Amino acid sequence: MTRKQRRMTIIGGSLAVLALAAALVLNALRDSIVFFSTPTMVAEKHVAPGKRFRLGGLVQPGSLQRGDNLAVTFEVADGNAKLPVAYKGILPDLFREGQGVVAEGALDANGVFKADTVLAKHDETYMPKDVADALKKQGHWKDDYGTKPSENDKPSGGAKPSDAKPAATTAQGNPQGAVR
């Protein structure tokens, strides 16, 4: 075997081993790559009882029921299907009916999702209450914080982007994201 043939054999073997390793990793993570499953996906996959996964969707209005010792039941829906959820613990401050939620746990034999972790989702306009109160106290609060800009707030076709006022400023009056 010449040097060139030996080098090509080593490179080919290395690539084969790398491809096999990548295939094994992707196969192992096949179901874990998804951030959460919706109730429709759970129904379609026929998830086995006891298998852990994340369930995401909206808390169905009117489904929240509080029990003894921090026990809570509610339904998570995605528009097509809904799944009952049972949780025991303190719910996040942002948790409410009609709000997005991600719960981690497993289905029981009765088809109820037993959650051991519940996370409330929020949109990009969320601002913690403490921060909002501090801004109001300092006089830097604007009533349009926490609202999405409407079509009327956007600059018209004739206006230059530099003419638009920044939506939020820092305590020093500088536009957010400005570097000095």
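Trainee: Why is asparagine 69 called exposed?

Mentor: Its relative accessible area is 61%. Exposed means over 50%, buried under 20%, partly exposed in between (1.4 Å probe, protein chains only). So asparagine 69 counts as exposed. This is a predicted model: local features need pLDDT of at least 70, side-chain atom pairs count only at pLDDT 80 or more, and totals for chains, interfaces and linings use all residues. Residues are numbered from 1 along each chain as its sequence is written, and side-chain values use heavy atoms, leaving out hydrogens and water.

Trainee: What is noted about the phi of asparagine 69?

Mentor: Phi of asparagine 69 is near 55°, a positive value in a residue other than glycine. Most residues other than glycine have a negative phi.

Trainee: What makes histidine 46 exposed?

Mentor: Histidine 46 has a relative accessible area of 67%, so the label is exposed. Its phi, too, is positive, near 55°.

Trainee: Why is histidine 122 called partly exposed?

Mentor: Histidine 122 has 46% relative accessibility, so it falls in the partly exposed class. UniProt, in an unreviewed entry, places the feature "binding site" at His122 and Tyr126. Such annotations may be inferred rather than shown by experiment; feature names are shortened and positions follow the numbering used here.

Trainee: How do you know that leucine 18 is exposed?

Mentor: Leucine 18 has 57% relative accessibility, and therefore counts as exposed.

Trainee: Why is arginine 3 called exposed?

Mentor: Arginine 3 reaches 67% relative accessibility, so it counts as exposed.
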